[in-house]
Amino acid sequence: DMTLAAIEGMISTGVPQGAELANLAFNAAKLNFNKGAADTAATAKAATQIEQAIALQPNSADHYIILCEIRNRQKRHADAVAALRKALQLQQAAGQ
């Protein structure tokens, strides 16, 4: 996928920082996740990318929702539930 390759290329330069890097990592994680359940390497890569996004933007409920989906796919159900709870907590704190 050209979009994914472009995003990962930007990340690998080390130039993007902060919110820009978090957004790139979030989008890369979503694209890798969307490759499907059969692609376990892409799911593992998505997990690493979303963890990077969370480290940079720990108050993003959207990041935790993707993490929940990834952990569920990995059959890490307790971690999926924890991520979903965190997303709900963040949404409530933001008044959503």
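Good morning. The structure is a predicted model, in which local features need pLDDT of at least 70 and side-chain atom pairs count only at pLDDT 80 or more, while totals for chains, interfaces and linings use all residues. Residues are numbered from 1 along each chain as its sequence is written, and side-chain values use heavy atoms, with hydrogens and water left out.

Let me begin with the whole chain. The protein chain holds five helices and zero strands; helices (H or I, at least four residues) and strands (E, at least two) are DSSP runs, numbered from the N terminus. Read from that terminus, the order of elements is α-α-α-α-α. The radius of gyration is 13 Å, close to the 12 Å that the globule rule gives for 96 residues, so the chain is as compact as a globular protein of that length. Here the radius is taken over C-alpha atoms, and the rule is 2.2 Å times the number of residues to the power 0.38. Along the principal axes, the C-alpha atoms fill a box of roughly 35 × 30 × 15 Å. Of the 96 residues, 38% are buried, where buried means under 20% relative accessible area, exposed over 50%, and partly exposed in between (1.4 Å probe, protein chains only).

I turn now to helix packing. Two packed helices are described by the angle between their axes and the distance between the axes. Axes are lines fitted to C-alpha atoms, for helices over the stretch in contact, and angles run from 0 to 180 degrees between N-to-C directions.

How do helix 2 and helix 3 pack, and at what angle? Helix 2 (residues 18–33) and helix 3 (residues 40–56) meet at about 155 degrees, with axes 8 Å apart. That makes helix 2 roughly antiparallel to helix 3; angles under 35 degrees count as roughly parallel, over 145 as roughly antiparallel, 65 to 115 as roughly perpendicular and the rest as oblique. Among the residues making the contact are Leu21, Ala25 and Phe26 of helix 2 and Ala46, Gln49 and Ile50 of helix 3, contact meaning heavy atoms within 4.5 Å. By class, this contact has 12 nonpolar, four polar and one charged residues. In that scheme Ala, Val, Leu, Ile, Met, Phe, Trp, Tyr, Cys and Pro count as nonpolar, Asp, Glu, Lys and Arg as charged, and the others, Gly among them, as polar.

Gln49 deserves a separate word. This residue of helix 3 is buried, with a relative accessible area of 7%. Leaving aside residues up to four places away in sequence, Gln49 touches Glu8, Ala25, Ala28, Ala29 and Asn32.

The second pair is helix 4 and helix 5, which pack at about 165 degrees with their axes 8 Å apart. Helix 4 and helix 5 are therefore roughly antiparallel to each other. Residues that meet here include Tyr64, Ile65 and Cys68 in helix 4, and Ala80, Ala83 and Leu84 in helix 5. The contact divides into 10 nonpolar, three polar and three charged residues.

Leu84 is partly exposed, with a relative accessible area of 38%. Its C-alpha atom is separated by 26 Å from that of Ile7, 77 residues apart along the chain.

Finally, where is Lys75 placed? Lys75 lies in the loop between helix 4 (61–73) and helix 5 (77–93). Although not a glycine, Lys75 has a positive phi of about 60 degrees. Lys75 is exposed, with a relative accessible area of 67%.
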